[in-house]
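Take a brisk tour of one protein chain. Follow along with the sequence and the 3D view.

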Amino acid sequence: MADAVVIGAGPNGLVAANVLADAGWTVEVLEEQRQPGGAVRSDRGVDPDFVSDVFSAFYPLAAASPVLSALRLEDEGLRWAHAPSVLAHPLPDGRCAVLDRDLEVTASSLEAFAPGDGQAWRELHDLWERIGEDLIGCLFAPFPPLRSGLKLLAKVRAAGGLRLVRTMLLPVRRLGEEHFDGEGGRLLLAGNALHADLAPESAIGGGFGWLMCMLAQSHGFPVPVGGASALTTALVSRLERRGGSVRCGERVTEVVVRGGRAVGVRTANGGAVRARRAVLADVSAPALFTRLVAAEHLPAQLLMDLRHGFQWDFSTFKIDWALDGPVPWTAGQASAAGTVHIADGVDDLTRFAAQIATQHVPDRPFALVGQMTTTDPTRSPKGTESAWAYTHVPQHVKGDAGHDGITGSWDRRDQEAMADRVEAQVERYAPGFRKLIRNRRILAPTTLQSLDSNLGGGAINGGTSAIHQQLFFRPTPGSGRPETPIKGLYLASSSAHPGGGVHGAPGANAAGAALHGPATRTTISTVQRVLARRAPTCT
């Protein structure tokens with residue numbers, strides 16, 4: 001019998017297992033899919049000569065994460081690569097906003113849009129330099145983040161107090177208007193906010209857009225050399241060297257509860273796996289509380305909140321391409337960027353988000369394009385490009401804002417029509433793009449969920465990033481921590497605070513709670529100390 005059973009071998013589940021193993025616990029991880037990794041996987045499914053990331057691809061939060069840093073995955077062979085530029089947002093008139101790890105390159109790009117905008121970007125970066133490290137520590141710690149929160153509070157007071165808090169709560173449209181006269185800086189902020197489901201008019205969109213931009217400025221958008229699976233391989237290797245195990249093809253169907261305590265799980269093949277101390281669930285909150293745990297063990301209010309209040313983030317529609325050459329961008333600066341945003345302006349982003357809000361498939365989708373060979377030359381043969389694009393669509397479709405009659409059933413006809421629509425957007429900014437397509441793979445929302453059941457309806461962040469489902473509202477009001485109403489059962493997925501992204505914090509927080517019990521408000525620094533005691537020395 002293992003000390004802990006972890007449901008799900010996504011990044012959070014594997015982080016949780018590693019933290020427990022470092023503390024001396026025996027750990028068994030059960031994964032439904034045939035391969036570990038959750039939404040951190042790569043393959044050669046588009047073309048045998050091309051490596052394609054199936055889900056996530058760029059990892060700024062991983063680069064900034066104190067949790068992943070403490071795991072020292074470079075000891076397992078993990079290496080990171082960066083594109084020459086982090087991100088570009090071209091416009092139809094040929095102008096292009098560029099976000100580069102060199103602060104002066106970014107500032108110069110924005111200065112070309114309006115005099116003074118370069119200095120405005122430097123000032124936003126100065127704010128990051130003052131509070132960024134403590135903000136990350138606060139965001140990634142269990143809620144409430146007492147120690148890191150006190151440090152951040154002192155920095156916030158010194159950096160402007162309530163005015164700074166107001167800035168972080170602003171919609172990203174308003175934040176951009178207050179700081180930039182030109183379109184470039186506004187687009188960088190607003191495009192990054194829409195990496196989540198935060199429209200230009202959404203509260204906290206400004207803070208999130210600023211956070212993502214500053215992570216790009218300070219850490220870049222790195223990728224694992226050789227593909228996203230390299231990150232998963234490093235986590236699995238580290239765990240196995242510490243005595244843990246990962247069993248794939250094992251779908252958990254029930255968390256076994258006796259006397260108010262989780263004592264193990266049952267699997268689809270009829271097996272039972274007992275847990276001496278804890279069960280940690282790297283699954284969505286709806287899956288855990290409405291499918292894996294019997295209702296008799298849970299408060300009625302929790303079930304009601306999940307059924308009527310829990311909100312998924314936008315659905316995702318993704319296309320992977322094997323290209324016979326680099327994308328022929330009209331704006332040359334986009335050629336050097338790992339990530340390219342495609343939208344005609346902030347108003348276009350508002351229009352896109354409004355169509356999703358009214359449950360219509362956008363007619364001019366905001367496309368996020370990844371140029372993976374530009375970022376990591378190992379991904380495809382020289383002179384080619386392994387690329388992808390994704391966009392958002394509604395969780396439930398009432399109609400199509402375009403003229404193709406997309407229904408939201410995501411049958412073959414829907415998929416082909418939506419893929420053609422996204423490709424047409426890229427073609428507008430890169431004439432000749434479609435002639436370069438050797439092969440493509442379409443990953444509709446239903447496809448994504450079939451490959452990772454945590455991606456409810458194709459949502460990639462474990463639930464909305466909006467303020468009403470953050471902090472002590474995540475996943476339901478009064479939550480905010482990994483503990484559940486059942487003793488020994490912990491929520492370790494992105495449905496828990498602090499939410500989506502590959503940073504490992506939900507897994508580390510759940511492991512910390514399991515190690516120290518419900519009375520202790522564990523912080524990431526505590527987890528780091530455990531890791532430091534157990535980590536091998538470099539030779």
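Val225 is partly exposed, because its relative accessible area is 33%. (Buried means under 20% relative accessible area, exposed over 50%, and partly exposed in between, with a 1.4 Å probe and protein chains only.) This is a predicted model, in which local features need pLDDT of at least 70, side-chain atom pairs count only at pLDDT 80 or more, and totals for chains, interfaces and linings use all residues. Residues are numbered from 1 along each chain as its sequence is written, and side-chain values use heavy atoms, with hydrogens and water left out.

Where does Val225 sit? Its place is the loop between strand S8 (223–224) and H11. Helices (H or I, at least four residues) and strands (E, at least two) are DSSP runs, numbered from the N terminus. Val225 touches Arg79, Trp80, Ala81, Ala230, Asp376 and Thr378, leaving aside residues up to four places away in sequence. Contact here means heavy atoms within 4.5 Å. Val225 and Leu30 are 195 residues apart in sequence, and their C-alpha atoms are 27 Å apart in space.

Two packed helices are described by the angle between their axes and the distance between the axes. Axes are lines fitted to C-alpha atoms, for helices over the stretch in contact, and angles run from 0 to 180 degrees between N-to-C directions.

Start with helix H1 (residues 11–22) and helix H11 (residues 229–241). Their axes come within 9 Å and cross at roughly 25°. That makes H1 roughly parallel to H11. (Angles under 35 degrees count as roughly parallel, over 145 as roughly antiparallel, 65 to 115 as roughly perpendicular and the rest as oblique.) H1 passes H11 in a left-handed crossing. Such a crossing has the near helix turned anticlockwise from the far one by less than a right angle; clockwise is right-handed.

On the H1 side, the contact uses Pro11, Leu14, Val15, Ala17, Asn18, Ala21 and Asp22. H11 brings Thr232, Leu235, Val236, Arg238 and Leu239. By class, this contact has eight nonpolar, two polar and two charged residues. (Ala, Val, Leu, Ile, Met, Phe, Trp, Tyr, Cys and Pro count as nonpolar, Asp, Glu, Lys and Arg as charged, and the others, Gly among them, as polar.)

H1 also packs with H18, at an angle of about 35° and with the axes 7 Å apart. This crossing of H1 and H18 is right-handed. From H1 come Asn12, Val15, Ala16, Val19 and Leu20. They meet Ala505, Pro506, Gly507, Ala508, Ala511, Ala514 and Leu515 in H18. The contact of H1 with H18 holds 10 nonpolar residues, two polar and no charged.

## H5 against H10

Helix H5 (residues 117–140) packs with helix H10 (residues 205–219) at about 100°, with their axes 9 Å apart. That makes H5 roughly perpendicular to H10. The H5 residues in contact include Trp121, Trp128 and Leu139, and those of H10 include Trp210, Cys213 and Met214. The contact of H5 with H10 has 13 nonpolar, three polar and no charged residues.

## Helix H16

Helix H16 (residues 412–429) has 18 residues. From first C-alpha to last it reaches 26 Å, close to the 26 Å expected at 1.5 Å a residue. The expected span is 1.5 Å times one less than the number of residues. Among the buried residues of H16 are Asp414, Met418, Arg421, Val426 and Tyr429.

## Loops

Is Ser493 buried or exposed? Ser493 is buried, with a relative accessible area of 2%. This residue lies in the loop between strand S20 (489–491) and helix H18 (505–516). Ser493 touches Asn12, Ala281, Asp282, Val283, Ser284 and Pro506, not counting residues up to four places away in sequence. The C-alpha atoms of Ser493 and Ala4 are separated by 16 Å, though the two are 489 residues apart along the chain.

Pro498 is also in the loop between S20 and H18. Pro475 is found between helix H17 (445–451) and S20.

| Cis peptide bond | Omega |
|---|---|
| Arg474 and Pro475 | about 0° |
| His497 and Pro498 | about 5° |

Now look at phi. Arg72 is not a glycine, yet its phi is positive, near 50°. Arg72 is placed in the loop between helix H3 (66–71) and strand S5 (80–81). Arg72 counts as partly exposed, because its relative accessibility is 22%. Gln359 has a positive phi of about 65° and is not a glycine either. Gln359 lies in the loop between helix H14 (346–357) and strand S15 (360–361). At 23% relative accessibility, Gln359 is partly exposed.
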